[in-house]
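Hi,

Here is the structure I promised to pass on. Have a look at it first, and then read my notes below.

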Amino acid sequence: MPLTYPLVEQTLDNGLRVVVSIDRAVPIVAVNLWYDVGSRHEPPGLTGFAHLFEHLMFQGSRNVKSGEHFALLESAGASLNASTFFDRTNYFESLPSGGLDLALWLEADRMGYLLDAVNQENLDNQRDVVKEEKRQSYDNRPYGDSYERLVRLAFPQGHPYAHMTIGSMEDLDAASVEDVHAFFRKYYGPNNAVLSIVGDVDEEEAFQAAKRYFGHLPAIPQPPPAPDGTIGPLQGVARDDVVEDVPSDLITMMFRLPVDGTPELDAAALALDVLAAGQSGRLNRRLVRDEQIAQSVSGGALPLIGGVSFGTLTGIASDGVDLQKVEDALLEEVEKLAADGITKDELATVQAQAERDWLEQLATCAGRADEISHHALLFGDPNRINTRIDQLRAVTVEQVQAVATQWIRAEGRVQVTYRKNTDATESGNA
């Protein structure tokens with residue numbers, strides 16, 4: 001039987017949900033705060049705002065000077081960071097358990113009083129930081145814009161998942177301090193967040209500390225729900241073919257998938273794992289080991305809660321191999337999966353891999369705190385961390401084939417290909 005983790009939840013008067021999980025194994029504590037705002041909440045003209053706040057949140061607040069947030073926590077032995085996704089934004093730190101009060105005070109100060117520090121100079125500075133991030137991670141990195149291209153093809157304009165979290169640089173350029181303040185006031189309040197505290201703490205003391213630092217912060221008006229993104233499987237094929245200076249020819253296919261939290265999404269994720277997960281995946285065996293037409297293959301599902309998820313398959317062609325051969329082989333395996341299904345042994349293998357990955361995530365206080373916040377915020381049930389393995393084990397071969405037949409289809413995909421610019425290569429070698 002899998003280990004069951006202790007969970008106790010309280011909701012403060014201002015609506016902040018607090019979940020505490022005691023773990024005395026090591027003298028550390030993980031603090032994890034998820035806000036119910038991500039890129040799917042951004043209306044047209046305000047794309048990239050949730051990610052912008054990921055940066056602004058570290059630039060000071062009423063009682064914390066710019067740069068002090070990192071400095072104070074790191075001097076206490078903490079590791080910390082933040083991330084932005086389609087469905088949420090999270091902020092997290094792990095540190096010796098004696099530093100809990102410091103971590104909570106810092107998180108509460110920026111939740112309640114960030115806007116004291118968000119002026120024109122600060123906004124301009126962090127806007128430039130985001131632009132540089134986009135240049136480094138998207139524009140000037142080989143294949144860096146592949147997901148931007150894919151989501152534009154996979155979702156209609158205006159769909160909540162039709163833009164990446166980095167957003168539009170034009171939107172950020174046009175943003176005023178007033179726009180930024182209004183976005184923060186709309187989403188960054190205690191009643192739109194989940195706080196998880198995991199580790200070497202006393203349960204009651206942890207709740208009292210949460211009340212001490214967050215309890216006086218006022219609730220915000222109920223934020224508007226994100227637009228409904230419910231949409232069915234892709235119909236037909238859309239392509240984006242790119243020729244530029246890349247190391248190797250590459251193809252990535254994207255499929256819409258069922259919404260997260262459903263047995264259908266679990267089945268779709270396991271279907272893609274049968275194709276692409278690890279050395280035993282069908283694609284690796286055929287394309288890399290047997291036919292040697294690909295250097296590598298990869299893929300998997302990206303679970304999302306806004307009405308639909310998506311998944312990808314990627315192949316990088318071996319030197320001298322026509323990328324069309326890789327595409328044809330990928331599509332053959334996709335069609336074979338839908339037509340013939342998978343074996344019980346294949347399902348058992350990918351279920352075991354998924355279970356191992358899940359247990360590795362929960363093995364650390366930081367990983368467990370993140371998953372507690374995740375399931376509390378997006379599904380309203382932190383105890384899902386204790387039932388997740390049962391959900392994975394419940395998937396059947398029949399479910400996998402059924403979902404593959406409906407969602408993972410050669411004639412229901414979008415794809416982007418990158419081919420080397422041979423003219424540039426030849427001129428560079430001249």
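This is a predicted model: local features need pLDDT of at least 70, side-chain atom pairs count only at pLDDT 80 or more; totals for chains, interfaces and linings use all residues.

**What turned up**

Residues are numbered from 1 along each chain as its sequence is written, and side-chain values use heavy atoms, with hydrogens and water left out.

Helices (H or I, at least four residues) and strands (E, at least two) are DSSP runs, numbered from the N terminus. Contact means heavy atoms within 4.5 Å. Axes are lines fitted to C-alpha atoms (for helices, over the stretch in contact), and angles run from 0 to 180 degrees between N-to-C directions. Two strands pair if DSSP finds at least two bridges between them.

β9 and strand β10 (residues 309-317) run antiparallel and are joined by eight bridges; G299 has L313 in β10 as its bridge partner.

There is also an open sheet of six strands, again mixed, in the order β1-β2-β6-β3-β5-β4. Here β1 (8-11) and β4 (79-84) are the edge strands, and neighbouring strands are turned by 15 degrees against each other on average, direction ignored. β1 and β2 run antiparallel with four bridges, and E9 is partnered by V19 in β2. Five residues sit between the strands of that hairpin, where G15 takes a positive phi near 100 degrees. On to the next pair: strand β2 (residues 17-22) runs parallel to strand β6 (residues 193-199), with six bridges, and V18 stands opposite L195 in β6.

**Two helices side by side**

How do α9 and α10 cross? The axes of α9 and helix α10 (residues 282-290) come within 3 Å and cross at roughly 25 degrees. That makes α9 roughly parallel to α10 (angles under 35 degrees count as roughly parallel, over 145 as roughly antiparallel, 65 to 115 as roughly perpendicular and the rest as oblique). V274, L275 and A276 of α9 make the contact with R282, L283 and N284 of α10.

**The pockets**

A pocket is an open set of points on a 1 Å grid over the protein atoms alone, where a 1.4 Å probe fits, with protein on both sides within 12 Å along at least five of seven lines; lining residues have an atom within 4 Å of a point. Grid points are joined across faces, edges and corners, and a volume is the space filled by probe spheres set on the points.

The largest pocket has a volume of about 790 Å³. Its lining has 33 residues, with P303, W358, E371, H374 and R388 nearest the centre. α13 gives the most to this lining, with six residues.

The second largest pocket holds about 500 Å³. Of its 22 lining residues, T47, Q157, G158, A162 and H163 lie nearest the centre. Helix α5 (residues 146-154) provides the largest share of that lining, three residues.

Cheers
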